[in-house]
Amino acid sequence: MKKLPLLGDITPAQFLRDYWHKKPLVIRQAIPGFKPLLSLDALAELATHDHVESRLVTAGGGHWNMQTGPLEAIPSTAQKEWTLLVQGVNLHDARADALLRQFRFIPDARLDDLMVSFATDGGGVGPHFDSYDVFLLQAAGQRRWRIGPQKDLSVIEGLPLKILSKFKPNEEFVLEPGDMLYLPPHYAHDGVAIGDCQTYSIGFRSPSYQELGEAFLQFMADSIDLPGRYADPELEASAKPAEIPRHMLATVAEEMNKVRFTEDDVTIFLGEHLSEPKHNVFFTGPAKPLAVGKFREAAAKKGLSLSRKTLMLYRGKNVFINGESFAIGRADKATLEALANERALPGTALATASEDVLDALYTWYTDGWIELG
Ligand code: SIN
Ligand code: CO
């Protein structure tokens, strides 16, 4: 595999083998000449919306304060030691989306979002650890990072954000615009702004088994099939009417043990779960959608692309888009897999698409899941 400019001198395969989930990596000039994609005004504007997740952290003299968005206003840049953090910027800005997509050597099922932070001198979120892998790209100004592999991850009680009580860094460096730091999960770190600075966090998702298990049971509730009803033709008169009969317990346990799931169930559950948009993501279709015939003509000419907000995955014969699943025939497999992998389809690719797929594409277009061109 080719070297990826983002990773400096190493290939994605070498990065995954030697660093991913294992140890930190500083990549000097991962993106040479990188310039921030959004101004502070644009970031602050995003933070005023209630469908955008944002936080304002102010620090000073050992005190920590955190305000969650929507944020009406931010402090003046003349004030030191504050940080504005805006999550999911890729959903709102095409260039932020393109930056996130440069990390697709890691599967979409693991990629989460792009968070942008702006900080004034001395600003930061304090020494902490994250449960996820992260790439921290310095976008503007400088940030001093102190990091360490410590085992004691206890946090100070009673603070609005998680601050390590015994932070013991063993490395320190200053990142300049275009430099990038990769940190594996649970690696302690503290980044402090030197003057005004912007840092972009490329975040990953790794759902907990508890979260998956709870969602899987709900998913299975829709499909389990347990015919019959409890009966006790051999019932005898009871001297302890409040006690649950042994026979009842044994029979119900036997019936419950009949609940089974297949690998197909897990595939469909996982695809629907991972492609489900976050609660604050809303789609808007075109104001004046084309009629179906005109849509097909336009799509054949201009091609189609997925909306920035659309999550599309596949596995085997199943395709998942924004929480819905479809079983696809062999003929349509290549078309839909290309749409998912490239996040776009040339018009020519539609010539071989089945009526079912063309219908689905039209619905996705009117729902705002895909766009012409
Ligand atoms: C930041 O950008 O200020 C914080 C990122 C992090 O440490 O996870
Ligand atoms: Co962090």
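Which elements each supply at least two residues of the shell around ligand 1? In this predicted model, they are β6 (134–148) and β9 (188–204), and the legends below begin with that shell.

**View 1. The shell of residues around ligand 1.** The residues around ligand 1 are L85, S117, V125, H128, D130, L136, R143, W145, H189, T199 and S201. By residue class, this shell divides into four nonpolar, five polar and two charged residues. Two elements, β6 and β9, each contribute at least two members of the shell.

**View 2. Polar side chains facing the oxygen atoms of ligand 1.** A polar side-chain atom of S117 lies 2.7 Å from an oxygen atom of ligand 1, while in the side chain of H128 an N or O atom is 3.3 Å from an oxygen atom of the ligand. For R143, the distance between a polar side-chain atom and an oxygen atom of ligand 1 is 3.4 Å. Taken alone, ligand 1 exposes 260 Å², and the protein buries 94% of that area.

View 3. Rolling a probe the size of a water molecule over the atoms shows where empty space is left. The largest pocket holds about 1200 Å³ of space, and of the 41 residues that line this pocket, R55, Q87, M115, D130 and Y132 are the closest to its centre. Two or more lining residues come from each of β2 (54–60), β3 (63–68), β4 (82–86), β5 (111–119), β6 and β9. The element that gives the most to this lining is β9, with six residues. Divided by class, the lining has 14 nonpolar, 16 polar and 11 charged residues. Ligand 1 sits in this largest pocket, and D130, one of the residues closest to the pocket centre, is also among the residues around the ligand.

**View 4. The cis peptide bond between G69 and P70.** Most residues other than glycine have a negative phi, and most peptide bonds are trans. The bond that joins G69 and P70, however, is a cis peptide bond, with omega at about 0°. P70 has its place in the loop between β3 and β4, and these two strands each give two or more residues to the lining of the largest pocket.

**View 5. The backbone at H21.** Although H21 is not a glycine, its phi is positive, at about 70°. This residue lies in the loop between α1 (12–18) and β1 (25–27).

Key:
Residues numbered from 1 in each chain as written. Chains lettered and ligands numbered in written order. Predicted model: local features only at pLDDT ≥ 70, side-chain atom pairs only at ≥ 80, totals over all residues. Heavy atoms only, no water. Near = heavy atom within 4 Å. Polar contact = N/O pair within 3.5 Å; in protein donor to acceptor, adjacent residues only side chain to side chain. Areas by Shrake-Rupley, 256 points an atom, 1.4 Å probe, with all protein chains shown as cover. 1 Å grid on protein atoms, 1.4 Å probe; cavity = no way out; pocket = protein on both sides within 12 Å on 5 of 7 lines; lining within 4 Å. Sits in = over half its atoms within 2 Å of the grid points. Helix = DSSP H or I, 4+ residues; strand = E, 2+ residues; numbered from the N terminus. Nonpolar A, V, L, I, M, F, W, Y, C, P; charged D, E, K, R; others polar. Points joined across faces, edges and corners; volume = space filled by probe spheres on them.
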